Amino acid sequence: MLYFSKFRIISVILISLFFILIASSNLFKFENNFLNKKINLGLDLQGGSYLLLEIDNNPVIEQKIQNLSISIRNYFKDKNIRIKNLKILGQKLSFSVDENFKQTILDTFNDEESELNPYYPRFKSHQLDITEENNIFFVNYSTQGIVKLKTSSQDQALEIVRRRIDEIGTNEPNILKRGNDRILVELPGLDDPMRIKSLLGKTANLTFRFVTNNDQDSFGAEKLSYEDDSEEDALVSKRIILSGDNLLDAQPRMDSETNETVVTFTLDRVGAKRFGKATSTGIGKQLAIVLDGKIISAPVIRDTIASGSGQISGGFTFQSATDLALLLRSGALPAPLNIIEERTVGPDLGQDSINAGMIALAIGFVLVIVFIFVKYKVFGLITNITLILNLFLLIGILTIFEATLTLPGIAGIILTVGMAVDANVLIFERIKEELKNEKNNLIAFDSGYTKSRTAILDANITTLLAAIILFFMGSGPIKGFSLTLGIGIFTTLFSVYFIARLLTVLYVYRNKEKEGLI
Amino acid sequence: MIAFNKYYNQFNILSISLVVISLFLLTFKGLNFGIDFKGGTLIELRSTDSKINVSSLRDNLNSMNLGDVSVKNFGNETDFLIKFEINNNKNIIEEIKSNLDKSFGNTFDFRRVENVGPKVSAELLKSGVIAIVVALTLMLIYIWIRFEWQFSLGAILALFHDVLVTLGLFSLLGLEINLSIIAAVLTIVGYSMNDTVVIFDRVRENLRKYSDIKIYDLTNISINETLSRTLITSITTLLALLSIFFFGGEILKGFSLAMIFGVIFGTYSSIYIANTVLVRLRVSQKTVLREDENS
C-alpha cells in the first residue's frame, strides 16, 4: 500500500491542480470556455420562485364528452340508427338503441378501424370504453384515452405557460413537465411572483357573445356576472361570435378621447369577417366581452366594424391592461391551472443564506482543522492538507457539471468536512495499534492501510446508500444536499487514498527510523 | 481499558425505555408536521419597524380569518415566521400583504413564501416515509451481505433505536418535521450504520484472532480498540454540525439539530445496542468460522 510509481505521483499532482483550477473558476473569470464554468445557485440561494402547476383536466373531459354526444348522434343518424335517451352524466354518456342495433353499436365502438373510437395499437386500447347494462350503453374515456388527453393538454398548456413567461421576460426560466398533468416552473431572480402567479392562474378564455333578454335563445343562454361587479348580472347567449383564437395581436393603449386605458386587438381574416357580420346585424345590441366566465364589458354596438380591429375597455389600470393584452397574445390554456405548490425566496434572504452558509463552512472547517492538528500533529497537517484539497475536488466536480448548489447542499459540504477525516482517523488509529507490535515503521504503516480498508469502504458505502436514496426521493433543495454528500464520499476516498497516502508515504520514507512517529 | 460491558444491562434497560417512551410520544403526542407534510402556507417577514412585535402581528392576522395562525419570531426581533393552514383563497398572499400595509404602513419585506397544497403534502409525506423505509431496507440488505445475521440484527436494532429516539425527541420538544428532517434522518441512518460497521468489523476480526475470549469481553476489547476513532469522528462531525446550527442560519437549525441528536444517539447505540445484541445472541468463534467455511 505504500508504493507510488512516478507516474502515479504526477497524476495525483495533476488531478489536484486541475480541480483547484476548476474550483477557482467560480471566483475568477477565465477566457477559456471549458474553464469558465460556474456552480449554479439554487432558488433558495439566489432568490426566485418554484411553482408546481396542476392541470385540471375535468372541464376538458366534460367538454369532450359533450362534443362526443353530438358526434355519436350524427354518426349513427347517417346509418339510420336512432340513438335514444342520450344523456351526459358528467364524464360519461349513456344512451339506448333498438334491440336489433345493439350489436352494430358494439361492433362500431370495438372496431380497430373505427372513426368514432380511435384505436391505439401501441397500447392495445381504444380511446373510449363502452359497457352495456340493462339495455343502456355507457361510454366513457378509457384509461389510455385519458392518458392521451392529459398528455396533449399538458403539451398545449406547457406551450402557453412558456409564452406567458417569455412575454414577461424573466431570465432563464425552467419550465418542465412533471407526470402527465403537472408543469414545474422555476423562475430565478424574480421580483414579483404575485404577478406571474396571477397570470398563470388565468385560463384566458376570451369570447365575444351577445347579451340577450330571453332564455329561449336557440343556443341557450347563461347568466354571467361582471368582472368588477359594477353592474347587475346579465344574460348572455351561449353562441360564440368570436373567441381568443381569432386574435392576432393585443396591446394596451391609452384612449386619447376618454383618457382611459384600453386593450386594442387585431383579428385574423376569419375573425374580422365574422366580427364585421355580427356588428352589422347586431347594431343596437350589447356585445359582451367575456373572459373566463366573467363579463369585462358589454358595449352597445353603434356601427359595423369591418376593419378587423377593436378595443376593449373595462376600467383597466395600465398594469391590468398590460396583463390582459399579454394573456390574449399568448393564447388560452386548454384547461385551468392550479398552483399546488409554491416556494418563493426573496433575493435578500438568498444572499443571507449564502453568507450564513459560508460562515458556517469556514467556522466548521477551522474547528475541524484545529482539532485534527492538535490531535495528530504532523499527520494532522497531512489530514488537513487533504481536507482542503478534498474541498477543491468537491467544488471542482460540482463546477464541471455546473451542478446546482442549495442551502442544504452547503450543509452537505460542511458535513463532508466533518466526516471526511473519518477515513484518515481510521487509518492512523490502526497504524498506532500496529506500531505497538511492529517496530518497523514501513511495515506498520503498510498493514495499517491494508487492515483499515474494509472498515473504510463499509462506512462510506452506508453513507453513499443514504445519499443515493435521498437523491432519487428528494426534491429541490434536498437533492442538493444528497448531491454534495454523495460526491463528497468519492472525493474523500480519492483524497484519502491518493493525496493523503502520498503525503504520508513521503513523510514516512524520510523518517523510517524514527520512533513514535504517530 | 474502559469496562463498557459492565453497564450493558443498565443501558439496555435505558434504551428500551427510551424507545418505549418515544413510541408512546409518537402515538399519543404525534409529530409536529410542518407545511411540507401537512399543507398550508408559510411566510417569512422582515420588518423595518422595530416596534412591531409578535402579538400585534398576530392580532392583525387573526382578524383575517385565516384559521389557525401561528406567528413567531424567526432568528431575531424583526424577523417573523407566519404559518397557517390550507386556505382555498388563491390571492391570500396579496390580501395579507395589503392588509399588513394598511395596518402597519409599508414596513414588511416578504422574504420567503411557501405554499403547499393538500395533494402535494400527502405525496411528500408518502415519499418521505418510502425514502426512510427504502434506506433501512437497503442498509439491512447491505449488512446482511457483509456480516452474519446476528450482526445484521444488532445493526438494524441500533438503527431503529436511533431513528425512533430522534423522532421521539422531536415529538417531545414539539420541533417541526419538514423535508430537511427527512434528509437528516436518512443521514443519521447512514452515520449510525457507519459507526456500527466499524466496531463490528473489529469484533469479527477479534473473534478470529482470540479463540479463547468470550463475546462479552471480546466486544469490550473491540469497543476500546476503536474508541478513539469513534470519538474523534463523532467530535469532528459534531463540530461541523454545531457550526451549521449556530452560524448556518435559521433555515438549517432543525436539520442540524436532528443530525446532532442523531450523531450522539448513533455513537451511543453502536456501543450499547449493536454490541449487546451480539452478546445476547451468544455470538462465538463458530459464528464467523462457519461463515468462512461456507464462502
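Student: In which sense do strand β17 and strand β18 of chain A pair, and what makes them a pair?
Tutor: First, this is a predicted model, where local features need pLDDT of at least 70, side-chain atom pairs count only at pLDDT 80 or more, and totals for chains, interfaces and linings use all residues. Residues are numbered from 1 along each chain as its sequence is written, with chains lettered from A and ligands numbered from 1 in the order in which they are written. Strands are DSSP runs of E, at least two residues, numbered from the N terminus. Two strands pair if DSSP finds at least two bridges between them; β17 (residues 287-291) and β18 (residues 294-297) of chain A have three bridges, antiparallel, so they pair. L291(A) has K294(A) as its bridge partner.
Student: What do β17(A) and β18(A) form?
Tutor: A hairpin with two residues between the strands; in the turn, D292(A) has a positive phi of about 45°.
Student: Why is M254(A) called exposed?
Tutor: A residue is exposed if 12 or fewer other C-beta atoms, placed from the backbone, lie within 10 Å of its own (buried: 20 or more; partly exposed: in between). M254(A) has 11 such neighbours, so it counts as exposed. M254(A) sits in strand β15 (residues 247-255) of chain A.
Student: How many bridges join β20(A) to strand β5 of chain B?
Tutor: Five, and the two strands run antiparallel. There, V345(A) stands opposite R112(B) in β5(B).

How values were computed
Helix = DSSP H or I, 4+ residues; strand = E, 2+ residues; numbered from the N terminus.
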